[in-house]
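Biologist: Can you walk me through this chain? I would like to start with the surface and then go inside.

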Amino acid sequence: TADAFADDVLVKRGQQVTLVYAAGGVEVRAPGRALENAPASGRVKVQNLSSLRVVEGVVETPSLVRVGP
């Protein structure tokens, strides 16, 4: 059933998260809002609240999504 998988969701649709992009020793953080549910280490689409662009990243913690290379 769907309830069996509910515990696996780490980021919920509509939740505010921090987007993190790191490259060449530089790390950039931006506020974002999850557009779908996702488990730990799962891919999730997030809207960057600064630029309003939609990006895809990997869930690292309940509040952190890593994007980029």
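**Surface, strands and core**

Modeller: Y21, V26 and V28 make a nonpolar surface patch of about 260 Å². Areas come from the Shrake-Rupley method with a 1.4 Å probe, and for residues only the protein chains shown count as cover.

This is a predicted model, where local features need pLDDT of at least 70, side-chain atom pairs count only at pLDDT 80 or more, and totals for chains, interfaces and linings use all residues. Residues are numbered from 1 along each chain as its sequence is written, and side-chain values use heavy atoms, with hydrogens and water left out.

Biologist: Where is Y21, and why does Y21 count as partly exposed?

Modeller: Y21 is in strand β2, residues 16-23. Y21 counts as partly exposed because its relative accessibility is 36%; buried means under 20%, exposed over 50%, and partly exposed lies in between.

Biologist: How many helices and strands does the chain have?

Modeller: One helix and seven strands, in the order α-β-β-β-β-β-β-β along the sequence. These are DSSP runs numbered from the N terminus: helices are H or I of at least four residues, strands E of at least two.

Biologist: How does β5 pair with β6?

Modeller: Strands β5 (residues 43-48) and β6 (residues 54-61) run antiparallel and are joined by five bridges; a pair needs at least two bridges found by DSSP. R43 stands opposite V58 in β6. The two strands form a hairpin with five residues between them, and L52 in the turn has a positive phi of about 70°.

Biologist: And what about β6 and β7?

Modeller: β6 pairs with β7 (residues 64-67) over three bridges, also in the antiparallel sense. The hairpin here runs through two residues, and V59 stands opposite V65 in β7.

Biologist: Now the inside. Which residues are in the largest nonpolar core?

Modeller: V11, V17, L19, A34, A38, V44, V46, V59, V65 and V67. β2, β5 and β7 each supply at least two residues of this core. A core is a set of buried Ala, Val, Leu, Ile, Met, Phe, Trp, Tyr and Cys residues joined through side-chain atoms within 4.5 Å.

Biologist: What does V11 touch?

Modeller: Leaving out residues up to four places away in sequence, V11 touches V17, A34, E36, N37, A38, V59, T61 and P62. Contact means heavy atoms within 4.5 Å.

How values were computed
Patches are made of residues with over 30% relative accessible area and no salt bridge: like charges are joined within 9 Å, nonpolar side chains (Val, Leu, Ile, Met, Phe, Trp, Tyr) within 5 Å. A salt bridge is a side-chain nitrogen of Lys or Arg within 4 Å of a carboxyl oxygen of Asp or Glu. Buried means under 20% relative accessible area, exposed over 50%, partly exposed in between (1.4 Å probe, protein chains only).
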